[in-house]
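Let's take a friendly walk through this model, starting with its strands and then stepping back to the chain as a whole.

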Amino acid sequence: MKSYIYIDKAEFYAYHGVFPQEKKVGNHFEISIRFEVDMQQAIASDSLTDTVSYADVYEILRREMQTPSQLLEHVAGRIIASLREAYPQIGDIEIDLSKKHPPITGQMQGVGIHLISRM
């Protein structure tokens, strides 16, 4: 059985971007993340110690979003590295990271990246 944990559309205000105004004013960002983790022990035990805590994962997202970067790719890479360090049992990770109001002329809900980190 394959099993995944996910956080869907977590919202943050942060200061990522290439342009000086983005670094000064900030922007709204959205993260969705999904990662493979074996849940067999947690299914049997009903114990948080046998799985990965959503709250702890959210804290990693929050912490990494507080560190300004020029590129969303860099932010997502740091998130993946932090998750792998904290939870070596995690398998594949998929992350969507979007900037809600990019400094681009045109109508859109946002711009972003999708990364898949395979084990």
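## Strand pairing

Strand β2 (residues 27–36) and β3 run antiparallel and are joined by 7 bridges. Strands here are DSSP runs of E with at least two residues, helices are runs of H or I with at least four, and both are numbered from the N terminus; two strands pair if DSSP finds at least two bridges between them. Within this pairing, Glu 30 stands opposite Ser 98 in β3.

On to the next partner: β3 and strand β4 (residues 111–117) are also antiparallel, with 7 bridges joining them. Here Leu 97 has Ile 113 in β4 as its bridge partner. Strand β3 (residues 93–99) is largely enclosed by the rest of the structure, because 5 of its 7 residues are buried (under 20% relative accessible area, with a 1.4 Å probe and protein chains only).

## How the model was read

This is a predicted model, in which local features need pLDDT of at least 70, side-chain atom pairs count only at pLDDT 80 or more, and totals for chains, interfaces and linings use all residues. Residues are numbered from 1 along each chain as its sequence is written, and side-chain values use heavy atoms, leaving out hydrogens and water.

## The whole chain

The protein chain holds 4 helices and 4 strands, in the order β-α-β-α-α-α-β-β along the sequence. Its C-alpha trace spans about 50 × 25 × 20 Å along the principal axes.

Of the 119 residues in the protein chain, 42% count as buried. Among its contacts (heavy atoms within 4.5 Å) with a separation of 6 or more, 61% come from residues 24 or more positions apart.

Note on methods
Buried means under 20% relative accessible area, exposed over 50%, partly exposed in between (1.4 Å probe, protein chains only).
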